[in-house]
Amino acid sequence: MKVFRSASVMFFIVLTIIVSTGCGGGEKVEGEINLKLGHALDLNHPVHKAMEFWADTLKKATEGRIIIKIYPGGQLGAEKELVEQLQMGTLDLTKVSSAGLEAFVPQMKVLGMPYLFNSKEHKWKVLNSAVGKELLNAGSDRGLVGIGFYEAGERSFYTKNGPIEKPSDLKNLKIRVIKSPMAINLLKTLGASPTPISWGELYTALQQGTVDGAENNPPSFVSARHYEVCKYYSLDKHTSPMDVVLMGKKAWDKLSEADKAIMTETFNVSVEYQKQLWAEVVKENFAHLDSVGVEVIIPDQAPFIEAVAPLYKEYAKDEVISSLLEKIQAINAE
């Protein structure tokens, strides 16, 4: 498989660097380290597969000394509970959406700003810059250490009773959103009625008409089988939040500097694997949606961009968010 070969080459390059530099800093390290990683995704999700790849790469790079055991599918709780477990020190690692992380790390709200990036290249240039590091470090005083970002695509609207072709089509529709202040504000700005519902309850809520639709990326739309209820998928691509891998500061501080370097370097290998896997999965998703009769709409983004302009004016009053926005826009201008 092409994606695996490419990532494997990167793994061997990183492994060579680690070995040649004496595990990142010449420090002798010993003793087995067992880490627990909990998340809410299913086994077929590209982010779960990337975390499995990371765990395997890390195990090989340390000759079996650092082991990550993954508990998927919400076995250890929902995202909010998993983050709280990191803070308490009862869990070592988790994956959380940047939108869900806003309650713990307010700076993450910037990644929920609509139409923040003008391309995938711009997005990853930002995330790999000092801005990305600033976001990953922003939760350290709350017991959270950011390891890195995974691709989570763009979120778009899917609905039951008709397509979303322009902002006015959202007026008064009950749209499920994640419990994020930014996501809720965005839906209100577009004229919809934002309705926070847990991911596990959403299928039933769509069936019963509790909500008229929802918004998410293609892998989530397909893997949750929401297309069985919602036959319209409008690719307005209003936001591009990230999946963030976090480690509890209590667990992080127990690692040597050498092991911290290995954790980060091997994670970065898994990021490249996940980007390629994500692209392949999205292509498969749209082929499947076509086969089951979902109408995919590509609306003009200009009216949506114009409609959310008040949100930028509102957050210009927030010194932290406005500072981050200026930095992101400056990178776009480079």
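## The enclosed cavity

A cavity is a set of grid points where a 1.4 Å probe fits but cannot get out, and in this predicted model the largest cavity holds about 110 Å³ of space. Of the 14 residues that line the largest cavity, G112, R155, A183, E215 and T239 are the closest to its centre. When cavities of 30 Å³ or more are counted, the number comes to one.

The lining of the largest cavity is made up, by class, of seven nonpolar, four polar and three charged residues. Helix 6 (181-189) and strand 9 (232-239) each contribute at least two residues to this lining, and helix 6 gives the most, with four residues.

## Helix 6 and its surroundings

Helix 6, which gives four residues to the lining of the largest cavity, has M182, A183, L186 and L187 as buried residues. These residues cover an arc of only 130° around the axis, which puts them on the same side of helix 6. What covers the buried residues of helix 6 includes strand 5 (155-159), strand 6 (174-177), strand 7 (193-196), strand 9 and helix 12 (309-315). After helix 6 comes G191, and the phi of G191 is positive, near 95°.

Is K109 buried or exposed? With a relative accessibility of 17%, K109 counts as buried, because the cut-off for that class is under 20%.

## The largest pocket

The largest pocket contains about 940 Å³ of space. Of the 31 residues that line the largest pocket, A40, E79, R176, I178 and W199 are the closest to its centre. Two or more lining residues come from each of helix 3 (79-88), strand 3 (93-97), strand 6, helix 7 (199-208) and helix 8 (218-223).

Divided by class, the lining of the largest pocket has twelve nonpolar, eleven polar and eight charged residues.

## The second largest pocket

About 370 Å³ of space lies in the second largest pocket, which is lined by 18 residues, with L136, I147, G148, T264 and N268 lying nearest its centre. At least two residues of this lining are supplied by each of helix 4 (120-127), helix 5 (130-137), strand 4 (144-150) and helix 10 (257-291). By class, the lining of the second largest pocket has eight nonpolar, seven polar and three charged residues.

## Salt bridges

Side chains of opposite charge can pair when their charged atoms come close. Across the whole structure, a search finds 17 salt bridges. One of them joins the side chains of R65 and D259, with a distance of 2.7 Å from N to O. R65 lies in the loop between helix 2 (46-61) and strand 2 (66-71) while D259 lies in helix 10, so the pair ties together parts that are 194 residues apart in sequence. R65 and D259 are both buried, and helix 10, where D259 lies, also supplies at least two residues to the lining of the second largest pocket.

A further salt bridge is formed by the side chains of R155 and E215, at 3.0 Å from N to O. This pair links distant parts of the chain, with R155 in strand 5 and E215 in strand 8 (residues 213-216), 60 residues apart. Both R155 and E215 are buried, and both are among the residues closest to the centre of the largest cavity.

The side chains of R142 and D141 also meet in a salt bridge, at 3.1 Å from N to O. Within this pair R142 is partly exposed, with a relative accessible area of 29%, whereas D141 is exposed, with a relative accessible area of 63%. Elsewhere, a network of salt bridges links K120, K123, E151 and E154.

Conventions. Residues are numbered from 1 along each chain as its sequence is written. This is a predicted model: local features need pLDDT of at least 70, side-chain atom pairs count only at pLDDT 80 or more; totals for chains, interfaces and linings use all residues. Side-chain values use heavy atoms; hydrogens and water are left out. On a 1 Å grid over the protein atoms alone, a cavity is a set of points where a 1.4 Å probe fits but cannot get out, and a pocket is an open set with protein on both sides within 12 Å along at least five of seven lines; lining residues have an atom within 4 Å of a point. Grid points are joined across faces, edges and corners, and a volume is the space filled by probe spheres set on the points. Ala, Val, Leu, Ile, Met, Phe, Trp, Tyr, Cys and Pro count as nonpolar, Asp, Glu, Lys and Arg as charged, and the others, Gly among them, as polar. Buried means under 20% relative accessible area, exposed over 50%, partly exposed in between (1.4 Å probe, protein chains only). The arc is that of the directions from the helix axis to the C-beta atoms. Contact means heavy atoms within 4.5 Å. A salt bridge is a side-chain nitrogen of Lys or Arg within 4 Å of a carboxyl oxygen of Asp or Glu.
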